[in-house]
Amino acid sequence: SWHTPVYGADGKGSAAVHSFDILADYGMRLASGARLAVKAAYGRESAKRPDSPAMGVFDRSVDKVDISVAVSREGTLAYDARLWWAYTGGSSETPGAVLAALSPKENNFGFDGRLSRQLGEKGLFSLGLGADFLHNDAPYFDRGSMVEHNNMQGIISLNPAFGFTWRGFALRLGVKAQLGIATPGGKLHVAPDVSLDTHLGRRVQFYATFGGGQSFNTARRMLGEWSFAPLYAAVQPLYTPVDARAGLRFGSFGGLTADIYAGYASTHHAARPAVVTVPVLGGSMPQENLLSAFNLSGWYAGLRFAFEGNGPVEGHIEGRCMASGVWSGFADDSDGAKAVIDAAVNARVDSRLRVGVDYLLRACRSYRELGVDGAWHLRDMGNISSPGISAAYAVSTDLSVLLRVDNLLCRRYELYPGVASRRLQGLLAATLRF
């Protein structure tokens, strides 16, 4: 819990995000040589935002349940298959005056698998098959209006691919064909699944990927990006016609490598935090937090240096520049940052203790606002400049503890529209294996 300025009013209120998660993971080797893995998890997360004339009240608790069973086997004829079920639902939220309070529940279940066959010493053929089903009783939100949709939807995927490797040259040629069942448009999407990795010299490597595909914008995905994501409205399935990336890697020079890369992506129905503005006497007022779908595209480029030697110290520094606008951006860049710097150094003090320092800069962040003119506008969210420290200690072979502290500069930044961040942020965790 932390204090935050109240959006649209003077003074401060309290925002809070509390979460509890428990995970059980069991694995065993079967007599046939295959490996069985069973996972079950339960989590509960509550989020509260202070009441304000601009945003209203937000107070919600969400339950999360995950169960999966997977089996895999390696060899000349290899396979892996997984069945899963994920539930997300909870108490109703009070989103303000514009939309009625709802408490939708979501069930996401399906299976995926892949069969691979070695073709001599250099070739590999694989065939992937998957089915992803989603039941969500929340309507879509589209430009300030609720749009009803089929509560039960599905995506069937088929992914054949051929791989070839020879003397430092690796090529994968495949396609991903996906058929939407009761999804908007309900049509067949075909995306490439191509990768190339080759050495241009002793210490120069070229790599490229060309992919895409369709997936659901599940409530779980929304919560992972935004704890205050309003779940009373769903977002259409995410579709990426193309996601291309290419780069050069230089090294290793005594453990030091350097990467320079660039890419382009086009995404339909990317969920983004947004605010609806309504007219009031003498002006306008932001009235509603929501998630809305945008068709985005853009270029990005980056440079990364990494050091991984045989000694106790390793680290990296990476900088990226990205397109950002109302209709430009990327599916995994939810705050619209135009520039990112990510750096970390970790050191092994002894066989049990590891310490680290890191730094994150996300510059020129923004969110979208639907104005009274019916058009989308970008609103500045400022920068995130957060140094951090961490320490991990192995108490025994089965028990380890982790401590990390972020935002050491104690600077507030706009975490979500209308919600300021905490100053000093800490995490204490323990892992027990048995």
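User: How many residues in the lining of the largest pocket are nonpolar, polar and charged?

Analyst: This is a predicted model: local features need pLDDT of at least 70, side-chain atom pairs count only at pLDDT 80 or more, and totals for chains, interfaces and linings use all residues. Residues are numbered from 1 along each chain as its sequence is written, and side-chain values use heavy atoms, without hydrogens and water. The lining has 19 nonpolar, nine polar and 12 charged residues. Asp, Glu, Lys and Arg count as charged; Ala, Val, Leu, Ile, Met, Phe, Trp, Tyr, Cys and Pro as nonpolar; the others, Gly among them, as polar.

User: What makes a residue part of a pocket lining?

Analyst: It has an atom within 4 Å of a pocket point; a pocket is an open set of points on a 1 Å grid over the protein atoms alone, where a 1.4 Å probe fits, with protein on both sides within 12 Å along at least five of seven lines. The largest pocket has a volume of about 1200 Å³. Its 40 lining residues include Ser227, Leu415, Tyr416, Arg422 and Gln425, the closest to its centre. Strand β19 (residues 353–370) gives the most, seven residues.

User: Which residues lie closest to the centre of the second largest pocket?

Analyst: Asp243, Ala265, Phe330, Ala331 and Asp332, out of 23 lining residues. By class, that lining has eight nonpolar, six polar and nine charged residues. This pocket holds about 480 Å³ of space.

User: Why are β5 and β6 called paired?

Analyst: Pairing needs at least two DSSP bridges between two strands, and β5 (residues 77–90) and β6 (residues 105–119) have 13, so they pair. The sense is antiparallel. Ala78 stands opposite Ser116 in β6.

User: How many bridges join β6 and β7?

Analyst: There are 14, again antiparallel, with β7 spanning residues 123–136. Gln118 faces Leu124 in β7. Three residues lie between these strands in their hairpin, where Gly120 takes a positive phi near 70°.

How values were computed. Helices (H or I, at least four residues) and strands (E, at least two) are DSSP runs, numbered from the N terminus. Grid points are joined across faces, edges and corners, and a volume is the space filled by probe spheres set on the points.
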